[in-house]
Amino acid sequence: MRIGRWSRAAQVAFVVGLALVVALPLYWAVSLAVRPGSDVYAKRIVPSSFTLQNFQELVFGRDWAGFKGVSFVVPLKNSLLVALAATAFSVAISTFAGYALARFSFRGRELVSSYILLAYIFPPFVLVVSLFRLISSLGLHDSLAAVTLLHLIIVVPYCTWMLRGYFLSVPRSLEESALIDGCTHLGALLRVVLPVSAPGVASAAIFSFTLSWQDMLFSMISLESHEKFTMPIALLAMAMGDLVQWGKLMAGALISIAPPAIIYLLLQRWIVGGLMAGSVKG
Amino acid sequence: MKRQIVPYLWVAPVVGVISVFMLFPLFQAVWDSLHAGSAGGQKAFVGLRNFQELMATGAFPGAVYRTLVFTLWASVLKLAIGGAAALILNRPFRGRNLLRSWLFIPWTIPLFAGGILFLWLLRTSGGLNLMLEHLGIFPVFWLGPDRAMQSIIFLNVWKGFPFFMITILAGLQVIPRELYEAAEIDGATGAQQFRYVTLPGLRDVILIATLLSTVWTFAQFENIYVLTRGGPGTATETLSILVYKLAFGMFNLSLGSAAAVLSLPLFLFFIYWLVKLVRKESET
């Protein structure tokens, strides 16, 4: 394609402008998080001095949103716990389902595939009232177990669909020889297919983790007590009320942004492959 | 015999999870919507009264209108900006890789965290107004009744355009180079190549990405709740916010369920289309 020099310059200007818009909220978050508290209302665009006080107070202090006694490490730990548990469980059951959908031919396979895809796309807000009733009737209200269970409906369909796609790309001949040698399907999956599918399983696990990490709605309907809060609702609580501590709030937001951002930037290449099969909501 | 049972055993846990946490709750929502909302005790069957109430108060029609405005604007802008960025980044220039990684960042930011960042950026004495003030421009009430809808669209586009950018970039790389060479030999201009080679090659990618994003945007909760909570008043009260407010703000689970059930037909068609498309795509 031949394009004039000036129109090319305009194009590059467009993406550079876009990059600045992307930077704007991030700049402010960092700039507020590292400036001293007295600076927040001083109408300064650039901090007067640099300090890590906000981060220190979040980690070591116990007063980040008006409720005493809980360090910000607690919601961080809760979010990690929930995301890890949901991911581990999802990967375990999705591996079998994904493999079955990719390799076995059985009646209803198409139906099951569509069912899983439907669950992946289905908007959670429609189910939120019934899910609240479900976990309450199970006696799980105000527990991290409830959040973990609810996250399964976000994570499992995605994980299964992605692993199905990955297994489809693994050549059949690999396990066929194992099956001829008398290996069971289970044995073939565990000993032959899984070892070569490590990249697929790893990326399914990583995306599952970030999906669980992103969710706020299910935490909101499940949790009441502060020591059980996950990251999103801890930040939400900090953002409420008349006296918002902006520095700490932004420091907390940056802490919640770091894990997925680091994971994605490191794995950018892999993401595109999984995109069409389904990916992180946005 | 054993062969036939194995596949079902293997898919059973996943199908079970989806049934317990999606299908069953869906039926429950329909049941709830037809019964009285009073907590505890026997819930009386009230027929369509919950639906009538939602329509009569204007709460539901209003939320539908706002959801459509939000979804339409946000989706169109995400596609336009993401698509333009993809086309520009597809051709080499100095610093391209760095720029691509940088533009990708908002997509990695959790929805709630994006809301928190914008909370400071857009508040009256916040980041954007501070910068405008330095330029001598009067502060704008970004989260006031007139601008709140634009603000949540801004946040949603900021967060969501990279999705289109990287999907379309990936789609562009799949279009065979020979097609452009052939077009060049036939004397096609840049615009003609775009119209007859690039666009047809991207058709499915754009369609799927747009549909996916439309359904997600339609159901968006986190962004809006963190930034405006549906306010001021009901200025940004979309369907997801309405359902949450009715069920957990007013503690009327039945009314909340009714609003959820009533919003289903609005996007069921999109979901059906999407499932068909992705199934077709994954077969090839």
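## Domains of chain A

Domain bounds come from an automatic or database domain assignment. For chain A this assignment gives domain 1 (5–51) and domain 2 (73–275). Their centres, taken over C-alpha atoms, are 33 Å apart. The contact between them takes 7 residues from domain 1 and 6 residues from domain 2, where two residues are in contact if their C-beta atoms, placed from the backbone, lie within 7 Å.

## Basis of the model

This is a predicted model: local features need pLDDT of at least 70, side-chain atom pairs count only at pLDDT 80 or more, and totals for chains, interfaces and linings use all residues. Residues are numbered from 1 along each chain as its sequence is written, and chains are lettered from A and ligands numbered from 1 in the order in which they are written.

## Chain B against chain A

In chain B, 83 residues are in contact with 82 residues of chain A. Helix α1 (residues 2–33) of chain B gives the most to this side of chain B, with 18 residues; helices are DSSP runs (H or I, at least four residues), numbered from the N terminus.

## A helix pair across the chains

The axes of helix α1 (residues 5–33) of chain A and helix α4 (residues 96–108) of chain B come within 9 Å and cross at roughly 40 degrees. The axes are lines fitted to C-alpha atoms over the stretch in contact, with angles from 0 to 180 degrees between N-to-C directions.

In this contact, Val15(A), Leu18(A), Ala19(A) and Val22(A) of α1(A) meet Leu99(B), Trp102(B), Leu103(B), Ile105(B) and Pro106(B) of α4(B).

Definitions and conventions:
Helices (H or I, at least four residues) and strands (E, at least two) are DSSP runs, numbered from the N terminus.
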